[in-house]
Amino acid sequence: MPQLTASAPGSIMVTGEHTVVYGAPAIVCAVAARVRIHLRTRADRRLLIHSALADYATDLDTLADHPKLRFILAVLRQAPPVCGLELDIVSDIDPTLGLGSSAAVTAALTALLARLSGEAFDPAALHRAAHRTILAVQKRGSGADLAASLVGGMVAYTPAMDAAPARISALPLPPTGLSLRYAGYKTPTAEVLAQIAARAAADPQCYQDLYAHMGENSAATIAAIARGDWPEAYRLLNGYQHLLEELGVCDAVQAAHLAAARPHAHAVKISGSGLGDCILAFADTPPPQHQAVVVDGNGLRFEV
């Protein structure tokens, strides 16, 4: 029976948090930690999944839910295979840090099913299909992490809005290293967004203006990086952190971690929705208690 293997890298958000879901541009970067899926077809209609999260068995006509395999099952519902499958899933991505693992596994399986059905490799079509899966599972999501998983490297991303398709373009890598420091906890993104929405209801114009400033900042950062003006890019990244603080998503622990990293970094900011999770530093050497991040210049790939 046919066998296929694909892998996709995890990712980190560089800038554009919170505004990218409203159509503003963002920068996202692929990291050298991958999800690999080995697919074997079966002569029956059975589905077997082996992973560190769960061992699972069902049939394609039932596709019973499993709380730890929501994205895998959603991909299969979006693009039902014509025969049974056995999937072996192995991840290098640190589950503590997250690093876009859901997007990576969604991208890899979407690509495998497309290849299995004979479709030509088309990153834009794969992004659209994988983004539909993400939205089916969690109802919202910009698709920025999918862009990094599919293309690799550091990319500028603008989500699809109205009739305009999503735009993904490669950016040069920074002359410095990247590193992360984990806060030790995460606030679920939905909870962070609910807190922002409650505050915005009291002063909608203030938050509308703040989001506009954030979008302008991320667009300017993309332009600075594209022309190789890294001092200006670092200044803008630090400025975006101040805007995140105005948004109310920087808590006391993250503020302390940011203050500790600033003397050692060109730029340091929250990466992600905030109120926990990680901060990201651009520094010649990782600041104390930071974990170095290696950029993966390759996106999704099929493996022998």
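A pocket, on a 1 Å grid over the protein atoms alone, is an open set of points with protein on both sides within 12 Å along at least five of seven lines, and its lining residues have an atom within 4 Å of a point. Good morning, colleagues. The structure before you is a predicted model, in which local features need pLDDT of at least 70, side-chain atom pairs count only at pLDDT 80 or more, and totals for chains, interfaces and linings use all residues. Residues are numbered from 1 along each chain as its sequence is written, and side-chain values use heavy atoms, with hydrogens and water left out.

I begin with the second largest pocket, which has a volume of about 330 Å³, a volume being the space filled by probe spheres set on grid points joined across faces, edges and corners. Of its 19 lining residues, Ala79, Thr110, Leu113, Ala114 and Glu119 are the closest to the centre. H1, H2 and H3 are the elements that give two or more residues to this lining; helices here are DSSP runs of H or I with at least four residues, numbered from the N terminus. The greatest contribution, 5 residues, comes from H3.

How do these helices pack? Helix H1 (residues 70-78) and helix H3 (residues 123-138) have axes 9 Å apart and an angle of about 120°; axes are lines fitted to C-alpha atoms over the stretch in contact, and angles run from 0 to 180 degrees between N-to-C directions. In contact, meaning heavy atoms within 4.5 Å, Arg70, Phe71, Ala74, Val75 and Gln78 of H1 meet Arg132, Thr133, Ile134, Ala136, Val137 and Gln138 of H3.

The axes of H2 and H3 come within 9 Å and cross at roughly 125°, so H2 is likewise oblique to H3. On the H2 side, Ser102, Ala103, Thr106, Thr110, Ala111 and Ala114 make the contact, and on the H3 side Leu126, Ala129, Ala130, Thr133 and Ile134.

A search of the whole structure finds 1 cavity of 30 Å³ or more, a cavity being a set of points where a 1.4 Å probe fits but cannot get out. About 50 Å³ of space lies in the largest cavity. Its lining consists of Ala111, Ala114, Arg115, Glu119, Ala120, Phe121, Asp122, Leu126 and Phe302. Helix H2 (residues 101-116) gives the most to that lining, with 3 residues. Thank you.

Methods. Parallel < 35°, antiparallel > 145°, perpendicular 65-115°, else oblique.
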